[in-house]
Amino acid sequence: MNPTMTRLPEEEHPNKAFGWAARDSYGVLSPFKFSRRATGEKDVAFKVLYCGICHSDLHMAKNEWGTSIYPLVPGHEIAGEVTEVGSKVQKFKVGDRVGVGCLVGSCRSCDSCKDNLENYCPKMVLTYGAKYYDGTITYGGYSDTMVADEHFIVRIPDNMPLDAAAPLLCAGITVYSPLRYYGLDKPGLHIGLVGLGGLGHVAVKFAKAMGVKVTVISTSPNKKKEALENLGADSFLVSRDQDQLQGAIGTLDGIIDTVSAQHPVLPLLALLKSHGKLVLLGAPEKPLELPVFPLLQGRKVIGGSLIGGMKETQEMIDFAAKHDVKPDIEVIAMDYVNTAMERLLKADVKYRFVIDIGNTLKIPS
């Protein structure tokens with residue numbers, strides 16, 4: 001579809017939808033009626049059954065990144081069941097178990113798109129709070145229905161529960177992609193994982209499934225038991241304990257850093273072996289201080305990564321189903337969402353909220 005298409009008249013958007021939306025930067029969500037576009041010839045429409053709550057939903061609801069468009073229906077960890085397919089859809093049929101992650105559009109012609117890296121397309125369209133090619137604003141998965149081009153639909157394997165699948169469509173691919181791209185997926189390698197939250201706990205599970213040795217690095221000593229006993233990490237470092245850090249210098253092949261708060265990277269670089277890689281997945285508000293000498297002295301690399309392309313997202317969820325990688329979730333009702341957001345702000349969740357849309361989204365008569 002051409003990004004320069006003119007806006008379609010409202011009568012061509014007949015699919016009535018219902019969800020919860022933020023109306024302003026206070027970020028409080030409440031019931032909201034809206035329309036989805038009619039199911040186009042290459043579109044898949046599905047009933048939303050579950051939607052994960054990502055930390056970016058909180059940022060967007062409160063317009064903390066300055067890009068939010070209201071009313072805003074969040075949600076880009078969406079899982080459900082196909083209800084309708086367009087006439088030219090080839091990969092899906094009614095009744096299929098499917099999901100949508102962070103993307104619903106890209107130009108499909110740039111170098112990134114040709115390399116199956118739609119997530120790095122300059123014209124990428126986000127699942128919510130973005131302008132679609134027809135001029136309408138995209139609405140996310142805190143809603144009863146979803147419509148997307150089949151290219152951006154992920155098939156969810158039968159042995160993967162839909163509630164567990166939902167967070168993998170953002171948190172899962174966000175950690176899986178850098179493990180693969182930076183070569184930190186080889187059995188026998190030893191990686192560090194900084195931050196044991198929504199991303200971090202899934203990263204431990206994927207890395208262990210790949211046969212990698214994992215050391216969790218955290219500021220909280222009280223997470224040690226959780227990391228070692230519940231998540232299967234091999235060792236645990238308290239990042240504020242200089243003796244522990246000293247004993248681990250030069251032991252890691254790579255580090256996946258999921259922390260989005262301000263933190264020093266110098267101690268982390270010291271933990272890397274020569275040619276080691278520090279991969280940043282969090283986005284602190286202020287720039288991190290970059291010490292260059294440690295990079296020169298061991299030919300070390302600092303890199304980043306952002307979600308993944310559609311081919312890799314499908315690969316990720318198939319891998320997760322095969323190796324029984326599932327996030328730890330707390331399933332909630334739709335009307336609990338504002339409380340969940342408050343708890344998320346305090347990191348009071350292990351480790352991902354998932355809204356039971358199918359059973360708890362009540363449409364007013």
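UniProt positions are given here in the numbering of this structure, with feature names shortened, and annotations may be inferred rather than shown by experiment. Select residues 27-355: the unreviewed UniProt entry annotates this stretch as "domain: Enoyl reductase (ER)". Before going on, note that this is a predicted model, where local features need pLDDT of at least 70, side-chain atom pairs count only at pLDDT 80 or more, and totals for chains, interfaces and linings use all residues. Residues are numbered from 1 along each chain as its sequence is written, and side-chain values use heavy atoms, with hydrogens and water left out.

Keep 27-355 selected and colour by secondary structure. The chain there is 27% helix and 26% strand (DSSP runs numbered from the N terminus: helices are H or I, at least four residues; strands are E, at least two). Its end C-alpha atoms lie 17 Å apart.

Cys 51 counts as buried because its relative accessibility is 0% (buried is under 20% relative accessible area, exposed over 50%, partly exposed in between, with a 1.4 Å probe and protein chains only). Now jump to Cys 102, also in no disulfide, with the sulfur of Cys 170 at 3.8 Å. At 9% relative accessibility, Cys 102 is buried.

Last stop: Leu 296, in helix α8 (residues 293-298). Leu 296 is exposed, since its relative accessible area is 60%.

Note on methods:
Disulfide = S-S within 2.5 Å.
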